[in-house]
Amino acid sequence: MQMRRTVKQLAKTSGVSVRTLHHYHAIGLLVPAEVGSNGYRYYGRAQLLRLQQILFFRELGFELARIATVLDAPGFELKAALLEHRSHFEERLGQLHRLIRTIDQTVATLDEDNAMNDHSLFDGFDAARQATYEAEVKRRYGAHGERGIEHARRSMSTWTADDRTAFIDELRSIEAGLAQAMADGEPNDSPQVHALLDRHRAWVGRSWPKPPDAAAYAGLADMYVSHPDFVARYEAIGAGFADWLASAMRDYASSRLG
């Protein structure tokens, strides 16, 4: 007889929270094999394999709606999908190896008090990826977005190393607070969440010509769930965090900035 797992057992096995598994069930993305008369959800091997696919696609930056479309398509084939995932992750692994090598080389030059050439300092960082971010901003905001990018370049070019560290530390603190609010089941329109988003909007405004207005902040939320790199980044913080954050930002833009 095939082993069945309850939602708690599946959460422990997969690392996906019970809350997220309930959400996946609610939207039809991962439906249990059976729901008992006691209301317990039971998952079999087919559901485990589907959850694995969901996590792979989330890692690659897919939105939940797009994942459902792919998995439910008539021509979907599990083995082919796995091999394609492997190809994507091998490519990413190659870049990570380059970044690790760059770190090792930089540490070695610091220890030896030698200098690396400028190109080597940035080996492994994807300039093309940064260009796609900027192109997306220009597409969404036109000339206004282009002016914002130029302003950010000029502004950040004067920052010291301490300025940059403080800038990143503030973002990490904000995101950790928001992720904890989501994990605690805090409504995304609560005063606590809005206070954190006050900080987030101010953080964005440090590199923009001014803090974003309602339309710009909502547009930024849209980019967070439409660009694979942003989705992957936020999903690494917590499953479902990308969608939750975008929803919270849109609510904030509407209720506090609109």
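Is Glu34 buried, exposed or partly exposed, and what is its relative accessible area? I looked this up in the predicted model and found that Glu34 is partly exposed, with a relative accessible area of 37%.

Entry on Glu34 and its partner. I noted that Glu34 forms a salt bridge with Arg4, in which the closest N and O atoms are 2.5 Å apart. Glu34 belongs to strand β2 (residues 34–35), whereas Arg4 sits in the segment before β1 (5–6), so the pair ties together parts that are 30 residues apart in sequence. I then checked Arg4, which also counts as partly exposed, at 36% relative accessibility.

Entry on Arg50. I recorded a salt bridge between Arg50 and Asp72, with 3.0 Å between the closest N and O atoms. This pair links distant parts of the chain, 22 residues apart, since I place Arg50 in helix α3 (residues 45–59) and Asp72 in the loop between α4 (64–71) and α5 (78–112).

Entry on Arg58. I found the side chains of Asp243 and Arg58 meeting in a salt bridge, at 3.5 Å from N to O. Because Asp243 lies in helix α12 (residues 241–257) and Arg58 in helix α3, the pair ties together parts that are 185 residues apart in sequence. On accessibility, I have Arg58 as buried, with a relative accessible area of 4%, and Asp243 as partly exposed, at 26% relative accessibility. I also noted that Arg58 and Asp243 are linked with Glu235 in a network of salt bridges.

Terms used: Residues are numbered from 1 along each chain as its sequence is written. This is a predicted model: local features need pLDDT of at least 70, side-chain atom pairs count only at pLDDT 80 or more; totals for chains, interfaces and linings use all residues. Side-chain values use heavy atoms; hydrogens and water are left out. A salt bridge is a side-chain nitrogen of Lys or Arg within 4 Å of a carboxyl oxygen of Asp or Glu. Helices (H or I, at least four residues) and strands (E, at least two) are DSSP runs, numbered from the N terminus. Buried means under 20% relative accessible area, exposed over 50%, partly exposed in between (1.4 Å probe, protein chains only).
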